[in-house]
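I opened my notebook to look up a few packing details. Here is what I wrote down, entry by entry.

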Amino acid sequence: MLEPRHLTISSPRICAPLSKLPRIRAPRRLRSGPGNRSGSLALSSSVEPEDLPLKERSRSGGALSGFRDAILSGLRSPFATQTGPGEAEHCLRRVLPLCRRARITRVADLTGLDRIGLPVVQVVRPAALSEVTSLGRGLAMSEAALGAIMESLERFFAESVPAERVFLASADDIGLAEGLFEQLLAPGVGSNWRTREIHWITGIDIATGAAEPVPLELVHTRYTEPPPARDGLFIRTTTGLACHTSAYGAFLHGLFECIERDAMARAFATHGFFDRMRIAPSGLGDRVDRIGSVAGECGVSFGLWLAPSPTGVPVVWCQAIETGPGEPILALPTEGYAAGPSVAAAAASAMLEALSARAGAISGARDDQTRGHYRRSMDAVVSQARQLIVERASTARYVSGEVPIVDDLAALIEKTMAARVGPILAVPVGSDCETGVHCVRVILPGATPFSILR
């Protein structure tokens with residue numbers, strides 16, 4: 001029986017047993033109180049920055065309240081359908097001026113490196129302190145370019161958090177609730193971390209409106225070696241970091257990503273996951289059908305699995321592999337995962353991510369992809385992956401109509417709170433007045449961290 005422990009290339013991600021190969025990927029407590037009860041959504045209307053240093057209180061309340069109001073402005077608005085090429089093109093032209101200021105030097109079309117033809121764009125920011133390259137995908141070139149730019153901008157904003165927003169304290173000094181961030185600690189960090197002075201930034205609990213100090217290490221992306229002073233306590237991850245042309249859109253993207261990564265961590269720990277959770281692509285809509293048809297004509301097959309999420313939000317894990325005759329362009333499978341308001345939306349996004357990971361791997365531009373990720377088709381790990389994705393497709397079940405659709409942000413917040421993976425914390429990382437781009441970091445302290453390397 002195969003378990004979910006094999007290598008894949010993703011965005012940045014390839015697939016084979018974890019014990020043999022690395023992986024490439026493109027990367028609980030629920031506090032009680034008024035308006036934050038499990039299973040109900042009653043959002044407080046005020047920001048109470050209690051227990052924060054006096055200097056920080058003076059500048060946190062008003063700005064955080066406006067930030068939260070901007071997010072909750074779309075609380076009951078139905079989730080929009082996929083952005084069309086026209087809207088994506090308009091948005092792309094709007095954000096391009098920010099690329100120069102963010103020191104993005106190249107927006108490259110990688111589509112022609114693969115035989116599939118679905119748009120893939122790579123953005124390069126050489127001075128980045130984490131990932132230098134970012135990938136974007138879509139059914140139109142404007143969608144792919146916009147996605148790649150936004151992913152690069154996430155790290156740009158998170159590398160340059162203004163010093164005046166940061167304060168130095170220990171968790172005990174500020175009276176931080178016991179157990180709030182313990183699940184996100186790096187391996188080997190003991191309970192004495194609470195007495196160490198570290199850098200903090202103020203975020204907000206979206207459900208209650210209360211200001212909440214958040215370790216800066218969980219927000220920034222200055223992933224240098226050696227790490228910045230006073231870092232090293234928490235797992236490095238970009239989970240929950242998102243850019244959009246509105247605070248609402250950035251928060252939504254970040255929250256879905258937090259739910260996705262939690263579900264993936266649970267999938268890796270689920271015995272028999274690949275045997276029991278395979279789903280069929282049939283009935284998942286035109287977008288899934290189109291992606292599958294275009295890739296299938298080029299000899300690329302997909303496997304889709306529904307990852308378990310305590311929120312009930314659909315999360316799909318996709319793996320793609322070449323199955324045509326002859327030596328493949330890329331032998332190992334690539335993967336993508338995504339959460340979405342419906343299984344169809346999550347599946348389409350995961351499939352596109354798996355295909356963009358192919359182009360990214362073929363380009364050879366990622367520093368973290370090594371010789372181990374480039375195998376020949378006769379290798380045993382490739383044969384095992386083909387068996388999983390292609391030969392065991394008969395185990396797939398049809399889920400169209402079975403998994404409930406998440407209608408709006410109110411429902412998404414309520415499901416997240418009921419799952420006890422919160423509180424839902426959001427930090428306004430940065431914004432650009434000229435282009436209207438907002439960067440937000442969403443943190444679910446009770447979620448299972450996903451930090452598996454392969």
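**Helix pairs**

I am working with a predicted model, where local features need pLDDT of at least 70, side-chain atom pairs count only at pLDDT 80 or more, and totals for chains, interfaces and linings use all residues. Residues are numbered from 1 along each chain as its sequence is written, and side-chain values use heavy atoms, with hydrogens and water left out.

The axes of α4 (residues 247-268) and α9 (residues 409-418) come within 12 Å and cross at roughly 35°. Axes here are lines fitted to C-alpha atoms over the stretch in contact, with angles from 0 to 180 degrees between N-to-C directions. Helices are DSSP runs of H or I with at least four residues, strands are runs of E with at least two, and both are numbered from the N terminus.

I then looked up who touches whom (contact means heavy atoms within 4.5 Å). From α4, Tyr 248, Phe 251, Leu 252, Leu 255, Phe 256 and Ile 259 meet Leu 409, Leu 412 and Thr 416 of α9. By class, that contact has eight nonpolar residues, one polar and no charged. Nonpolar covers Ala, Val, Leu, Ile, Met, Phe, Trp, Tyr, Cys and Pro, charged covers Asp, Glu, Lys and Arg, and the others, Gly among them, are polar.

Next I checked α2 (residues 85-101) against α3 (residues 141-159): their axes are 9 Å apart, at an angle of about 35°. This crossing of α2 and α3 is left-handed. Their contact divides into 15 nonpolar, one polar and three charged residues.

**Aromatic rings**

How many aromatic pairs are there? I count eleven, pairing rings of Phe, Tyr and Trp (its six-membered ring) with centres within 6.5 Å; planes under 30 degrees apart are stacked, over 60 edge-to-face, and the rest tilted.

Tyr 337 and Phe 450 pair edge-to-face, at 5.7 Å centre to centre and 70° between the planes. Tyr 337 is in strand β11 and Phe 450 in the segment after β13, so the pair ties together parts 113 residues apart in sequence. Both rings belong to one aromatic cluster, which includes Trp 305 and Trp 317.

**A buried serine**

Ser 170 lies in the loop between β4 and β5. I noted it as buried, because its relative accessibility is 2% (buried is under 20%, exposed over 50%, partly exposed in between, using a 1.4 Å probe and protein chains only). Beyond its neighbours within four places in sequence, Ser 170 contacts Arg 194, Thr 195, Arg 196, Glu 197 and Trp 200.

Technical notes. Left-handed = near helix turned anticlockwise from the far one by under 90°.
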